[in-house]
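My notes follow in the order I made them.

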Amino acid sequence: MRITDIQRCEVRPGRLVEWTLSPATVAAATALPDDSRPPAYIQESHLRTAKCVRDEGLFVPTWLGTAFDLPGPVDLDVLQSALRAWTVRHETLRSGFRWSGDELGRFTLDAADVSLHRQEAGDFPDTDELVRHLQDRFDTVADALRWPNLIYTAVVRDDGASVYMAFDHSNVDAYSLTRIAAEVHELYAAALSGTGPGSRAPAASYVDFCEIERTGADGIDAQHAIVGRWREFIRRCDGVLPGFPVDLGLEPGGPLPRQRMLCEPLADAQEAAAFEAYCRPYGGSLVGLLAATGLIVHELGGQPVYRTVVPFHTRVKSRWTDSVGWYVGGAPIEVPVGPAAGLPDALRGVRAELQANRSLARMPLARVLRLLGADFRPTSPDLYSIVSYVDTRGVPGAERWTEQRAHALLRVSYGDQVCVWVNRLHEGLWLASRYPDTDVAAKNLRLYVERLRDHIVSVAHDSLSAVC
């Protein structure tokens with residue numbers, strides 16, 4: 001699924017309909033006692049950061065979303081039934097948080113208490129006006145510091161409807177977004193045919209996962225080996241978590257900058273397959289992308305060692321595969337990329353680091369930082385810069401994403417880090433990045449993407465030539 005933003009996901013005019021959790025659902029939630037299951041550390045860190053940034057007077061939207069088409073004409077009552085069935089299937093979407101002093105507690109609704117409220121938002125014949133309206137609504141409703149913090153919309157036309165759904169990040173990760181289109185299509189088709197929600201088994205609860213993960217994380221102390229390894233890594237990063245090691249044109253100590261988005265194809269299907277084949281002895285395309293990145297940022301910034309935190313999913317048991325939630329951790333790596341290093345050297349270095357450190361991603365970094373007593377003041381939505389890779393071709397329904405015009409949506413607002421996502425699609429490799437909106441950052445990110453493409457294409461063409 002291509003990652004993009006609301007401005008680039010092919011929005012078309014039509015009649016806009018919106019769904020939010022109903023007033024009755026909100027009233028039921030208000031009366032709920034606390035749920036004994038705590039927030040995940042990543043959820044709590046996200047909410048505390050949002051609160052800190054808001055207290056300093058800056059509103060930083062951080063929602064994620066998805067977009068996809070349904071063939072028409074669309075029955076809105078049936079679609080509402082499908083959206084409700086999908087919502088109650090994933091417990092985190094009916095669970096929220098409230099503050100008691102400085103403590104964050106959870107509440108969770110029973111499925112029977114969840115209903116949706118539908119509202120006609122009117123006709124939008126102008127695409128730009130519709131895009132602005134959608135972004136404003138998503139900013140307002142899918143906000144970390146309110147509940148409910150999700151909203152569903154449909155732009156209805158005679159030939160079908162485009163569905164746009166937005167969630168605060170505390171509810172979903174990028175992988176969760178890739179599964180929504182197929183699930184909603186299946187539920188809609190089942191409801192349309194009168195067969196009910198179908199045979200899809202209940203999804204495992206992310207709320208349960210949060211409790212399990214947090215219990216494990218609370219069982220370690222500051223002397224634990226994982227904490228020690230992070231301590232040494234941060235020390236070698238001059239006491240901070242690593243950013244993207246090229247000049248971004250930022251003022252030290254300046255205000256949180258606006259961000260810009262870049263998204264485009266990186267390689268076609270044949271090139272992506274050849275690059276994967278070349279990298280497979282070293283661990284695959286992720287290793288290749290990180291190795292190439294290390295070499296490129298050395299060229300651009302001169303750092304002799306590439307230090308970064310690599311995101312990994314924490315769905316380590318198959319029971320969590322279908323579950324919507326924020327299943328992400330990070331593992332630190334350090335790879336020498338001096339003038340003498342070539343791609344094979346970098347590939348071996350990345351492979352060794354990932355083999356040694358990948359398991360660290362299972363321990364929430366927010367817990368580690370708390371134990372370190374590190375003063376990482378939460379003033380930016382991103383603690384560090386990332387380069388992420390996901391092969392999404394095996395996701396149910398992936399073969400229909402082009403036909404359904406399916407996208408994963410990111411909100412680009414403010415931030416001082418660089419986040420790069422590379423997805424393997426049936427069509428090839430797709431890159432999306434958000435980065436500080438400065439001329440220097442724009443120039444260096446363009447150089448980074450061009451040189452990354454050059455590495456991939458060069459390796460791919462050499463491999464294809466060797467085969468021929």
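This is a predicted model: local features need pLDDT of at least 70, side-chain atom pairs count only at pLDDT 80 or more; totals for chains, interfaces and linings use all residues.

Residues are numbered from 1 along each chain as its sequence is written, and side-chain values use heavy atoms, with hydrogens and water left out.

**Sheet**

I looked up the strands around that pair. Strand β3 (residues 64-71) runs antiparallel to strand β8 (residues 160-167), and the two pair over 8 bridges. Pairing here takes at least two bridges found by DSSP between two strands. Helices (H or I, at least four residues) and strands (E, at least two) are DSSP runs, numbered from the N terminus.

In what order do the 7 strands of the open sheet come? I read β1-β13-β3-β8-β7-β2-β6, with mixed pairing. The edges are β1 (2-4) and β6 (116-124), each of which pairs on one side only. From one strand to the next, the twist averages 20°.

Then I checked what packs on the sheet. Helix α5 (residues 174-193) does, and touches β3, β8 and β13 (407-410). Its direction makes about 25° with that of β3. For such angles, axes are lines fitted to C-alpha atoms (for helices over the stretch in contact), and the angle between N-to-C directions runs from 0 to 180 degrees. Contact means heavy atoms within 4.5 Å.

**Cores**

I wanted the nonpolar cores next, meaning sets of buried Ala, Val, Leu, Ile, Met, Phe, Trp, Tyr and Cys residues joined through side-chain atoms within 4.5 Å. Buried is under 20% relative accessible area, exposed is over 50%, and partly exposed is in between (1.4 Å probe, protein chains only).

The largest core has 72 residues, and Leu-79, Trp-86, Tyr-152 and Phe-167 have the most contacts inside it. Helix α3 (residues 76-89) gives the most to this core, with 7 residues. I followed up on Leu-79: leaving aside neighbours within four places in sequence, its contacts include Trp-19, Leu-70, Ala-154, Val-184 and Tyr-188. Another core, of 48 residues, lies apart from the largest one, with Ala-272, Val-287, Ala-331 and Ala-361 among its members.

I found a cis peptide bond from Gly-72 to Pro-73, with omega near -5°. Pro-73 sits in the loop between β3 and α3. Trp-147 and Pro-148 are also joined by a cis bond, with omega about 0°, and Pro-148 is in the loop between α4 (127-141) and β7 (150-157).

Glu-10 is not a glycine, yet has a positive phi of about 65°. Glu-10 is in the loop between β1 and β2 (14-21) and counts as partly exposed because its relative accessibility is 41%.

**Helix pair**

Last, I looked at helix α8 (residues 269-279) against helix α9 (residues 285-301): they pack at about 90°, axes 8 Å apart. So α8 is roughly perpendicular to α9, a label covering 65 to 115 degrees (under 35 is roughly parallel, over 145 roughly antiparallel, the rest oblique). Phe-275, Glu-276 and Cys-279 of α8 meet Ser-285, Gly-288 and Leu-289 of α9.
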